[in-house]
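Hi,

Here's the structure I said I'd pass along. Have a look first, and then read on for my notes.

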Amino acid sequence: MSEGFRDARILMYSHDTFGLGHIRRCMTIANHLVETFHGAHVLIISGATIAGAFDYRSRVDYVKIPSVIKLRNGDYTSMDEHINLEETLEMRQAIIRQTAESFQPDIFIVDKEPLGLRREVEDTLAYLKSRGTLLVLGLRDVMDAPHLLDAEWRRNDVMAKIDQLYDHVWVYGPPDFHDPLVGLDVPASLRRKMTFVGFLQRKAWARPLPAANRRGDYILVTTGGGGDGFELVRDVINAYRADPTLTERALIVLGPYMPGEQRQALKQAAQEHSCLEVIEFDNRMEHLIANARAIVAMGGYNTYCEILSFDKPALIIPRMVPRQEQLIRAMRATELELVAMLHPDHSPDGLRLSQAIKSLLVREPPSVTAPHFRLEGLPNLSAIVQEWLEGKAPGYLSVVEN
């Protein structure tokens with residue numbers, strides 16, 4: 001282990017217009033990097049309304065940009081009703097550029113949106129490229145149905161700009177799971193920049209669980225951010241109502257973005273069943289998943305990483321709008337026997353969902369159903385970062401050996 005002569009600075013961008021997936025993925029990577037590299041500093045630019053609710057490791061911090069919400073029809077609106085969307089986007093773009101100029105990062109990692117929300121990162125990418133910053137685009141395993149993603153990217157010539165601006169493209173999944181750019185016309189030069197690093201493993205940090213969550217086994221029902229999770233929770237409650245023999249305790253996490261009226265309606269409905277417990281949010285979902293007997297979820301990227309990391313049997317009921325990402329991921333994961341899946345069209349059938357939950361309780365965990373599957377994303381990322389930093393300046397960082 002060699003001591004670096006100066007610290008490395010890593011800037012991350014997470015647009016965060018819907019749900020918690022982007023900020024939680026960035027936080028996972030950031031926490032791992034500062035644990036791996038002695039002296040590394042990570043700064044996350046986030047639009048998440050609750051960016052400050054999470055536990056960041058020492059030497060990880062965040063800059064909050066004004067929040068924009070993505071509606072279910074795909075449109076965007078400003079969180080502040082007194083400021084229109086265009087003004088909000090202008091403020092976001094200015095803060096992003098100013099942050100980059102002040103922080104002067106060695107590496108800039110952009111999550112999922114190549115040019116940012118409404119191209120708000122494009123100017124900053126060009127600036128950082130001119131000063132030699134390593135520019136990395138991180139893509140989740142599944143982006144969307146190919147025809148939808150292709151149409152979205154063609155409007156702003158995104159594919160060519162990725163190839164022009166970025167040095168690397170990291171795919172946060174293994175190559176034999178899914179190609180996020182399948183069905184698109186990808187230049188060979190861009191393909192050469194792509195590395196499938198693998199899923200990002202999660203771990204539960206030591207802390208006592210609330211007493212309520214130590215009372216034996218439970219099924220964890222999670223909707224992620226909760227903004228589109230009403231139907232899933234409604235259907236689970238309906239399954240308990242339809243089948244009195246379904247008595248396994250369930251812990252339901254609504255998510256911080258579920259609308260207030262929906263939240264109250266679900267809480268009231270769940271009170272009819274003594275085996276149902278409802279909470280609104282927990283900033284360390286890893287603990288709840290680690291202590292669960294099984295998982296019922298919509299199947300966003302982070303949920304899969306947690307299911308696999310903690311080796312839990314899972315039933316996935318995917319969301320189908322405004323993106324088909326969750327459906328595509330669930331179908332592929334079902335093929336590989338990583339999870340069980342119930343199509344959302346069948347979820348409102350209480351007896352059918354009840355039977356699926358009962359089957360879940362006797363299902364083997366992923367380590368048994370898919371024993372050759374591994375989570376290698378974080379070690380692979382740190383190896384790439386270390387190689388680049390050592391190439392830039394020998395002895396740039398010291399590496400913390402576990």
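This is a predicted model: local features need pLDDT of at least 70, side-chain atom pairs count only at pLDDT 80 or more; totals for chains, interfaces and linings use all residues.

Seven strands make up an open sheet with parallel pairing, in the order E4-E3-E1-E7-E8-E9-E10. Strands E4 (60–64) and E10 (194–196) stand at its edges with a single partner strand each, so one side of each has no neighbour in the sheet. On average, neighbouring strands here are turned by 20° against each other, ignoring direction. If you zoom in on E4, you'll see five bridges joining it to strand E3 (residues 41–46), and Val63 is the bridge partner of Ile45. Helix H3 (residues 122–130) lies across strands E7 (107–111) and E8 (134–140), at about 155° to E7.

Now the charged pairs: the count is 32 salt bridges. Here are some to click on:

- Arg249 and Glu277 have their closest N and O atoms 2.6 Å apart. Arg249 sits in the loop between helix H7 (230–242) and strand E12 (250–253) and Glu277 in strand E13 (residues 276–279), so this pair ties together parts 28 residues apart in sequence. Both residues are buried.
- Glu280 meets Arg263 at 3.6 Å, N to O. Arg263 is buried, at 13% relative accessible area, while Glu280 is partly exposed at 34%.
- Arg332 pairs with Glu335 at 2.9 Å, and both lie in helix H11 (residues 325–335), about one turn apart.

There's also a network in which salt bridges with shared partners join Arg140, Asp141, Asp228, Arg319, Glu325 and Arg329.

Cheers

Technical notes. Residues are numbered from 1 along each chain as its sequence is written. Side-chain values use heavy atoms; hydrogens and water are left out. Two strands pair if DSSP finds at least two bridges between them. Helices (H or I, at least four residues) and strands (E, at least two) are DSSP runs, numbered from the N terminus. Axes are lines fitted to C-alpha atoms, for helices over the stretch in contact, and angles run from 0 to 180 degrees between N-to-C directions. Contact means heavy atoms within 4.5 Å. A salt bridge is a side-chain nitrogen of Lys or Arg within 4 Å of a carboxyl oxygen of Asp or Glu. Buried means under 20% relative accessible area, exposed over 50%, partly exposed in between (1.4 Å probe, protein chains only).
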